[in-house]
Structure formats: C-alpha cells, structure tokens
Amino acid sequence: MLDRMRRERPDEAKTARVLTVVQKIDADLQDGLGGRGAASAARRLRRLLGAETVVLAGLDGPPVAVAGPGPQEEELAGLLAQAYEQATTAHRPPWTAVPLIVAGELSGALAVRGGADAELSAVAALVARSLDHAALRRARSRIAQADLRTLRAQISPHFLHNALAVIGARIRTDPDRARTLLNDFADYLRYSFSTQGDYATVADELQAVQTYLELQRARFDDRMELTVRMAPEVLPVAIPFLVIQPIVENAVRHGLEPKPGPGSISVSGFGEGPLCVIEVEDDGVGMDPAFARAVLAGERPRKAGAAPDGGRNGVGLANVDQRLRTVYGSEYGLVIETAPGSGTKVVVRVPRFMRGVVAN
Amino acid sequence: MTGLLAIGLLFAASMAIGVYGVRATRLTTPDFLVASRRVAPGWNAMAIAGEYVSAASVLGLAGLMLKNGIGSLWYAVGFTAGYVAVAALVAGPMRRSGAYTVPDFADYRLGSQTIRKLCAVIVLVIMWLYLVPQFKGAGVVLHLVSGTPYWVGVVLAGSVVTASIAAGGMRSATYVQGFHYVVKLLFIAVPAIFLIVHAGDDARQEALRMDVSEWSRPLLDLEGSGQPLLATWSVLLATTLGAVGLPHVIMRFHTSATAAVARRVAVGVIVLLGVFYLFPAVYGLLGRVFTPGLVRGGDTDTVTVVLPGEIVPGGWGSVLTAIVAAGAFAAFLSTSSGLLMALAGGLSHDLSRASVPRLRLAVAAGALVAVLLSLPARSVDINVAVGWAFAVAASTFCPLLVLGIWWRGLTRAGATAGLAVGVLAATGAALASVLTDPGPGWLVVLLAQPAAWTVPLAFMVMIVVSLLGRPPEWAERAVLRLHAPGPAAAE
C-alpha cells in the first residue's frame, strides 16, 4: 500500500517546480492575453509541456504569442478555425489546439505542436482560469472608479436648487455677494465634475469645501460658523479625490440642518509623523453610534424622522470610507465619534505618501 | 535657578505654539489657502533652520573649537554648504516625487518593500546617532544650571521630549521649529554681542591673535592624527553630503507649495544658517581666552554656557547664563523632537505596516533607546557624534537620492548593495574608532570620520551593481516625473 503511494506520488521537488511555473504563468497573464506577459507565458508553457511550439491566440488577428519554431500561417489558421467552430480540442497532427473558455465564453486558443493530450487540456483550463482572474482584477479597479463616478454624480439636486435659489434671492439686495456666490458655485461644479485623475491635494479639496460652505452659509443666513485650521505641511499631501467634501456635506445636511439655532463646523488638519490627519467636527444633532456604524457598513438604516431623501443618508460617508480602504488598506477607514445631541467628529487618517497616490 | 526658570518658560512657550499653533492659521475668508501658501516659504526656511541647528551647533561647535582649534569651523561650513547640495540636487525632485521620507522615496523609485525596510533601519541608525549627542547636551546643560547629576538631565530630557510630542507639541511643527530658530539665534547672538563688548580690549586682541601653526591653524586635525588635510576633507564631505540624506531634513521640503518654492526655501536656509554660525565662533574664540581650563577637564562642550559667568560675574552673568542655557535647550528640544518624529515614523510606519501606526508608542520606545545610549556617552564630543550621523547619511541616503534622482540606471540590487555597504562601513568605522586606538596617522582619521572613503565606496557599489542588472521598466517614467516642471507632463 505504502509502496503504491510512493510510486504514484511524484517527487516533491518536481511538484514544487511545476506549481511555481504555474504561478508564474498566472502572473504573466495578469494583464490578459493582450498584456505584456503573454510571450513569457508562452515560453513557460512550452517548457512545462515539453512541446516543440506553443501558440497563444486571441479570437482574431495574428497569434498573440509564439514560443518555439513558428508554424505555417494557413496551417495554424485552419486549426484554430476548427477549434473555434467546434469549441472542442482540434487535432491536425502534429498540431493540437484547445479553445480557451473564459467565464463561459470562447476567448482564444492554445495551440501546441508535439504535446500530450491529457496534459494539454489541463493546462488549457489553467490558462483560462488565469485569464478569468485577470478579467476580475480589471473589473475590480473599474468598480473603484465607478464608485468615484457615483459620488460625483451624487451632488444633490436639492443642493443645486438651494444654491441657485439663494444666489437668485441676493441678486437685487446684495449683488456683490451674489456675484461671489455664483463664482463659488462655478468653482464647486468644476471641481466636483472634473474628470481628471483620482487624487487631489488636501489644498484642492479644502478649496472645494470652502466654496461649498460659502454657499451653505449664504443659505443659513450666516447662522453657520466655519473654522479652518490647517498646518501648512499637510496642504500638499495627495489624497483621494472628493474625500473631505462629502464629509463636510454630511455634517451640514445631517448635523446642522436639523438643528435649530446657530451651528458651527470646523475642519482641521495636521501632520502626525508619517500620517496626515484631517478632522471635520460639527456641533449639530449628532447620531447614535450604532447608527454611524451601520452607515459605514453601507446598510443605510432607516431613521425615524429622517429627511425625505433619508434613504440616502450617509451613502457619501460609506463611499468615502470604502474608497479610503481600497487605496490605503483596511486599517485606514473613517473614524466617526458621535453621540445623539453632542455633535459629530469624523477623522480621516491617511499616510502622507503611498505608492501610486499622486495628485494631478 | 534662573536657568531652570528660563528653560521652563521656553518649554511652555513651545508647547503652546505646538498645540495651539494650528489655530493661529485660523481664517474664515475664502482665500485662507492662498494666505497660508504665501506665508510658507519664510516660515518654512526658519523651520528647517530651527530643526537643523542642534546642540551640535549651539554647544558642540564652540566646544570642539576650544579643543581642536579654529579648523573646527569647517563643521559649520559643511553644515551650511550641505544646503547648496540639497537645493541643487534633491529639494525640487523630492518635492515632486510626493515621497515624504527616504523610505517613501525608495518605494517610489524602486518599488521594493525590502529596500523600504532597509532604509527604515538606516533611518533608525542615523537618528539614534544624532539623538545621543542632543541628549548629552541636555544633560550637561542641566547639570551646569541646576547642579543635577548628568543622568538626571538625560532622563528628564527624554521624558520632556516624549511628553511634548505625545501632547501634540509637534502638530504644527512648522511654527514650533520656526519659533525655535528665532529663540536660538537671539539667545546666542545677544549674549555673544554683550560678551564681546564686555570682554575688554585686551581680551579681544588676545582672542583674535592668530598663530597659524597651532590652535589657529585653518585646517582641522582630528584626534591629533597629524593628517589635517585628510581630516578636513573627510569632515566636509560628511557634513555637506550628509545634509542631503538627513531624513528629518528631507521631509520638511514638503511644506512648500511647489518645487520652485522648495528650492527657494533651501536658499533661505543657507542664509539663516550662515547668520547663525557667526556666533558659536565668538564663544569659541572668547572661550580660549577665558576658559582654557575646560580643555583639561574634558568638558569643552559646556563652554557656551560657562563663558558668560566667567566674563560677567554677578547677577547679570547668571541672567546671561540662563539665556544661553535656554537657547541651548531650545536647540535640543527642537532638533530632538524632529528627530524623534522621523525615527518614530520609520519605526511605526515602515517597519510594521500591518496595523495602524502606533506613533506615540514608537516615540516613547525611540526616546528610551536614545536615553539608554546617551547615559554612557558623556565623554563623546557632541560634534563628533553628530559627524558620525552625517557620515552615515552621506554614505547611504546621499547616494540613493542622488543616483535615484539623476540616474535612470539605478536598480534594486544596486541600491540594496550600496545602502548595505554604506551603513556597515560608516557605522563600523565609527564603532572601531570608539573601541580601538590605532595611534596617530591616516588610519585614525579614516576611522573617526570615515566619509572620505565610505561615500565614494557606496556610490561605486551602487553604480557597479546597478550596471550588472537591468533597471525596472518604470524607471524612466519615475525619473521623468522627478524632473518634469508640471504634474501634467508626467504622463
């Protein structure tokens, strides 16, 4: 019995070698069939299979990568056409072609001259899975970008309406102020809709916050006090686009708007060693900590007496939290300190430098 | 007592600025950002100078001058000239890279976590070498003004700095450090002028009497080696190139709004440092006339604090002593806060990335190690130890930054090899010079101030090993970004 097991089990070094090669092939294919690593993947496959020639082909156009002595063009084209048509392994000795089925869709073929059949179909399945991974990876980054687009598109129609109404109301009584507000409004829109880049400096973000708050202050008839305290060393730090502004917007809409009487909001930033800390604090109505936790978890709980669009409450915060975690890692999410009736403080704490995070 | 009072007042003032300084920028007008950008260059230059002028400059320079002669002023030349190299070679590109520390830069340029960690370890070495003389200075000054034992001063200094950082005393580092520059300059310059006036004609003549063969020889002779030219060259190389690689200096350039401003700030720093270094020389020259006894006692680092009492006896003397002591304490406080922050950053952020950085814990741990190292270091000259810190920086981070910024061909392997060789050679030589005594000759110079050979060695290793491999494919783009005038040109 033991003897048989030993016979069946290939020696460990060989297994390890094969597994390493498989891993490397997966890494090579991380940009898909059209990526830079395709040629290297073909070379590795050739060595793995001990084949004469290995060809990786997409659905159309010339083969993506050829390793070994090149095949005759019409010979290969015929073989691939046969493989694609029947969607099964095609034999034309000495050639064999296996279609690559990625997520249920035909997306290419692996053609080999001189290789064992059983091995070949297993390897083709591996390659197809690597390609599937690559597609998923791309999808993940697309989702992150879509998150940002969602946030950009989330500028509340109420806010637009209110801002324009406030400006309109002042055109006769205080034309100078109306003019400034209109400029602020234009700046705010340009920043929120700007499509360039995923990162901005803290200074740019603050400028957007400032214009937003100027408009809100006008609406509140200057009942709202705004304080900005910034250590100059954090101003040039690059952070993800639209991080501070949604927090401030949240503070105004859910902290100060429901509160009778004057309110104040303060934005402060300072360096803490390698970290940059930004705090947004308001003395509004606050919320239940459990509610805050649910908001960050993206559960959008219903709150008694919420605003008509209360279902959207905190979507901005959850979105910001998620994007911060995506960029910096899970330990750098938002921190919310709050209690009913005693205001809210939201703290963003991010590294000053992160590879790839550069303001445009 | 007056001295303690002055130090206490100074500490309270800098805490107040540190914690509430952020609020000084409180503005409610829309253009507050424009305002803070406009303020930055001047303050920033002062802040850099404030952080840079350490106990080595306030106490150590005059002390070493008293001991080794006028040639010690080459240290001051090197400290200042370093900023020429900083302005020309690294200030602008570092600013553009977005990297906040040297480990960040290594990560940006070479994309390797291993090199990042290696850099963080080197940061620790440099920072500890730099912190020890600061703590020593604090211990000595406190001993002089209040009579407490040396270790009390060191321990107290460690706790004071840790506490002040933990309480948020570095939140508005720019304002604290700028304030400290002004304090240091005034508290050194005013007594110096007073002392010059008060010393009398004879003493002034005596102080300026030059005797080219001996004490007033224009070159620096380290440890009586008889190789003044080599020693001077080595010190200059270490201090000039070391300034390029000092971790806590580099991060200050990020306060500037643009790369051009960063360079202008560096030029401003040169002016501020040049003005400052006039005054330690005064203490050194006068100290030779009034306090020659210190040389025999081996306590030359105290000359700046002792001198006012020697020249002006009585009440005014003790007031002057208190002022100078407070200036020295400011030097110690500002530099070691900056150093500890950089050290703690490396410890908490680069070496343990897994969890949210525990900065305060790292500050306390860093300070504890520095205190423990400082306790037996009483006999080490302040400037000599600082010289080692500079030598290590010059033979590790200087090649990394200069080659990383100006040469596309730098590879991971090359950088790793160069950093490892540089840090081992420089610290090894410094250790050897403490533990052994090879007698007069060039060897003692090469051990006591190793920059003359370790810097070229590190450059060479980095270049040769890099040439053997292939640079990472994004090197071109990474380097282009460092030199492109606007961010738009980077893509």
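Let me start with one pair of residues: A:Ala90 stands opposite A:Ala97 in S4(A). Before I go on, the ground rules. This is a predicted model, where local features need pLDDT of at least 70, side-chain atom pairs count only at pLDDT 80 or more, and totals for chains, interfaces and linings use all residues. Residues are numbered from 1 along each chain as its sequence is written, while chains are lettered from A and ligands numbered from 1 in the order in which they are written.

Some terms. Helices (H or I, at least four residues) and strands (E, at least two) are DSSP runs, numbered from the N terminus. Two strands pair if DSSP finds at least two bridges between them.

Back to that pair. S3(A) and S4(A) are antiparallel, with 3 bridges. A hairpin of 2 residues links S3(A) to S4(A). On to the next neighbour. S4(A) and S5(A) also run antiparallel, joined by 8 bridges.

Is strand S4 of chain A mostly covered or mostly open? Covered: 6 of its 8 residues, in the run 95-102, are buried. Buried means 20 or more other C-beta atoms within 10 Å of the residue's own; exposed means 12 or fewer, partly exposed lies in between, and C-beta atoms are placed from the backbone.

Strand S1 (residues 53-57) pairs with strand S5 (residues 105-113) over 5 bridges, antiparallel. There, A:Val55 stands opposite A:Ala111 in S5(A).

Zooming out. Chain A has 11 helices and 12 strands. Of its 360 residues, 40% count as buried. Chain A is divided into domain 1 (2-142) and domain 2 (154-351), with bounds from an automatic or database domain assignment. The C-alpha centres of domain 1 and domain 2 of chain A lie 51 Å apart.

One loop residue deserves a stop. Most residues other than glycine have a negative phi. A:Leu242 has a positive phi of about 55°, and it is not a glycine. Where does A:Leu242 lie? In the loop between strand S8 (238-240) and helix H9 (244-256) of chain A. A:Leu242 counts as buried because it has 25 C-beta neighbours inside 10 Å.

Last stop, chain B. Helix H12 (residues 259-276) has 18 residues and reaches 26 Å from its first C-alpha to its last, close to the 26 Å expected at 1.5 Å a residue. That expected span is 1.5 Å times one less than the number of residues. Buried residues in H12(B) include B:Ala262, B:Val269, B:Leu273 and B:Phe276. Down the axis of H12(B), the buried residues fall within an arc of 125°, so they line one face of the helix. The arc is that of the directions from the helix axis to the C-beta atoms.
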